[in-house]
Amino acid sequence: MKILITNGRVLDPAHGIDEKFDVLIEDNRIAQVGTDIQTADAEKIDAAGCLVVPGLIDIHVHLRDPGFEYKEDIESGTRAAAAGGFTAVACMPNTSPVNDNKATTQYILHKAAQAGHAKVYPVGAITKGLKGESLAELGDMKQAGCVAVTDDGHPVSHGEIMRRALEYARSFDLPIVSHSEDLSLVGDGVMNDGFVATELGLRGIPWVAEVSAVARDVMLAEYTNARLHVAHVSTRGAVEIIRAAKARGARVTAETAPHYFTLTEDAVRGYDTHAKMNPPLRTSDDLEAIREGLADGTLSVIATDHAPHHPDEKNVEFNLALNGIIGLETALPLTLRLVEEGALSLSDAIACLTSGPAAALSLPGGTLEVGRPADVTIIDPEIKWTLDPQAGQSRSRNTPFGDWKLKGRAICTIVDGRITYRLSD
Amino acid sequence: MAFNHKHILGIEQMSAEDITLILDTAESFKDVSLRSIKKVPTLRGKTVINVFFEASTRTRTSFEIAGKRLSADTVNISASTSAVVKGETLEDTAKNLEAMKPDIIVMRHSCSGAPHYLAERCDFSVINAGDGAHEHPSQALLDLLTIRQKKGHIEGLTVAIIGDITHSRVARSNVYALNKLGAEVRLCGPGTMLPPGIERLGAQVFDRIDDAVSGADVVMMLRIQQERQGKTMLPSLREYSMFYGLTPDRMKLAKPDAIVMHPGPMNRGVEISSAVADGPQNVILDQVENGVAVRMALLYLVSGGEKLEDSAQ
Ligand SMILES: [Zn+2]
Ligand SMILES: [Zn+2]
């Protein structure tokens, strides 16, 4: 089977390509990228006015499967991914059972192969049961298909365990993804600590809870010469620490999520539980620093931290609501919004969704190089639409962007040469 | 002037005119409490439900008496609000309350924003009787009524509020209310009890009580809630009383005719010494008395005000 994508603006930041090219897909691989490709028997997709980019990769997704399928499962989660233009996602291990063993990893891979809307890369737990006490079988999980390990949702509070995890993972060239948070400083906080929390009478989480933990984790990565990927950076302080560590040559990468460069703590006003997340939405100064961090490459990854929850878990008092929002179907337009506002070049924006995440976790993909698996996303950057949470592909609807006017979205998602999503109009 | 608020969620949403109207209305209801038959037919046929998810005998009793003096049918519901206790959600509570067809719900809840949640989803009027560490509007209004009675005016006064500002809904509501009526507000407490940016609500922040009290017209002490302090807010109550307790000596720094307020219940010997609590400058029982009048005014105004004539027929 062949697909010929014609007339599109091909943007492959990994190779500095930004030109009007055709792309030929043959036998599930990128066969040719160039002008005037002639072929008789290919399905043709006219991409005039569109961007043709490497398949988008989201390395921070909660698929909730196994264990919390009422929020999301691998099928619905990958369908949402495809609809958002993602051809691959990495899924976090805080499932039930926890993905801290080969059997659970295999279950995820097996179910993902059946669902097939997007590639799924399991991320294993650092410690057994995410308890922070003893190391999980990192080597075995890597062999079973895990691409990284994390105790996401729970920081590894004990310094020595984090140190040993980094040393051990280094032997397997396995990146450690840190959910960096000092829980003793988080206390019973439910939003960012600052004026808005004071005004609303809600307990605050100070920025230093994130920054001090990022500092420890980054220093430990330098000390052990291991790979560290910092998840969901939300503060100026964390951006500055990561920037300095990278300048010193530390093997550190970092991500942020669209909500951290789009929303501030002001979104909590009115006690909107759709604005309750961890780390919490911060100030406009932090938002500015996140944008700068993306622009200068300190933050090389935009990931969604897609965290589906049932309406019953959000339709409660703010204090009692669960943390997190869905993000797979809004990440691309919110990132393009950043380009529109001049905070990021289009090429850098696409890099943060493709080559950046691929590099952070050493994933295949993230480029349109000839011979690579044909993971391709076609984006109409001009299309205007209004987000209707009820119309989403995710099983959950917990988004603060409902009714937002957005611009740009994926119109076609191709995984291994197979179309997994097509926007019908 | 018309009162066009369906709900009383906080002082933040009110204008100076709203506040003055409430105080004036309360003033006119004060007489009712002085009569031998303390009842007017104003809210006859109306149902007021007091839903208290958090214990508060004073505020609940005050609202209950207010409702009864206006001839409303008042019902009290207490409910447990522990975050860990799985049970009826606030949404279910709201639906159940709605099914009882109340006209007004008076709600106290330990979560900030809970009354707003109810107001967004239900048809009845909601009066916030204290939500988490957010607002306690009826308390601030009764404080203002007391100050106005004692001082004749509010504008230009200096009011020092001392204690645990972080956890105090009384402080937040009072800062808004006093600001709107032109008073100068000073806040004082140890660093652990002063939340970030509190000065942006419209107050000067003081570390030392002596500075905060100096030249003040009103000194308002907050209750130190021992159950909320945990291990990290204060080394000891002994030390707190040494550095932040209101003593007769400290009161000498205030204006000679300054008044002392407390939302109650007091911890004698902690935030306030008995000599001050029982001294001539205290207006604490006036506050309690004004509480009923203010709550009568709130019930009356949210139920439409002008229906006074109908119900009197
Ligand atoms: Zn996390
Ligand atoms: Zn996460």
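Biologist: How many bridges join strand β6 (residues 184–188) of chain B to β7(B)?

Modeller: Strands of a sheet pair through backbone hydrogen bonds, either parallel or antiparallel. In this predicted model, β6(B) and β7(B) run parallel and are joined by three bridges.

Biologist: What is the order of the strands in the open sheet of chain B?

Modeller: The five strands follow the order β7-β6-β5-β8-β9 in chain B, and their pairing is parallel. At the edges stand β7 (204–206) and β9 (259–261) of chain B, each of which pairs on one side only. On average, neighbouring strands of this sheet are turned by 20° against each other, with direction ignored.

Biologist: Which strands does helix α5 (residues 137–151) of chain B touch?

Modeller: Helix α5 of chain B packs on the sheet and touches β8 (218–221) and β9 of chain B. The direction of the helix makes about 165° with that of β9(B).

Biologist: Let us turn to the metal. Which residues coordinate the zinc ion (ligand 2)?

Modeller: Its donors are H60(A) and H62(A), each through NE2, together with D152(A) and D305(A), each through OD, at 2.1 to 2.3 Å. Along the chain, these donors follow the spacing H-x1-H-x89-D-x152-D.

Biologist: Which residue bridges the zinc ion (ligand 2) and the zinc ion (ligand 1)?

Modeller: D152(A) bridges the two zinc ions, which lie 3.6 Å apart. H60(A) belongs to strand β6 (residues 56–61) of chain A, whereas D152(A) is in the loop between β9 (148–150) and α4 (159–171) of chain A; the pair therefore ties together parts that are 92 residues apart in sequence.

Biologist: Is H60(A) buried or exposed, and what of D152(A)?

Modeller: H60(A) counts as buried because its relative accessibility is 0%. D152(A) is buried as well, with a relative accessible area of 2%.

Biologist: Finally, which domains does the assignment give for chain A?

Modeller: The assignment gives domain 1 (2–51 + 373–422) and domain 2 (54–367). Their contact takes 37 residues from domain 1 of chain A and 50 residues from domain 2 of chain A. The centres of the two domains, taken over C-alpha atoms, are separated by 25 Å.

Methods:
Residues are numbered from 1 along each chain as its sequence is written. Chains are lettered from A and ligands numbered from 1 in the order in which they are written. This is a predicted model: local features need pLDDT of at least 70, side-chain atom pairs count only at pLDDT 80 or more; totals for chains, interfaces and linings use all residues. Side-chain values use heavy atoms; hydrogens and water are left out. Donors are N, O and S atoms within 2.8 Å of the metal (3.2 Å for Na, K and Ca); water is not among the atoms, so sites may look incomplete. Helices (H or I, at least four residues) and strands (E, at least two) are DSSP runs, numbered from the N terminus. Buried means under 20% relative accessible area, exposed over 50%, partly exposed in between (1.4 Å probe, protein chains only). Two strands pair if DSSP finds at least two bridges between them. Axes are lines fitted to C-alpha atoms, for helices over the stretch in contact, and angles run from 0 to 180 degrees between N-to-C directions. Contact means heavy atoms within 4.5 Å. Domain bounds come from an automatic or database domain assignment.
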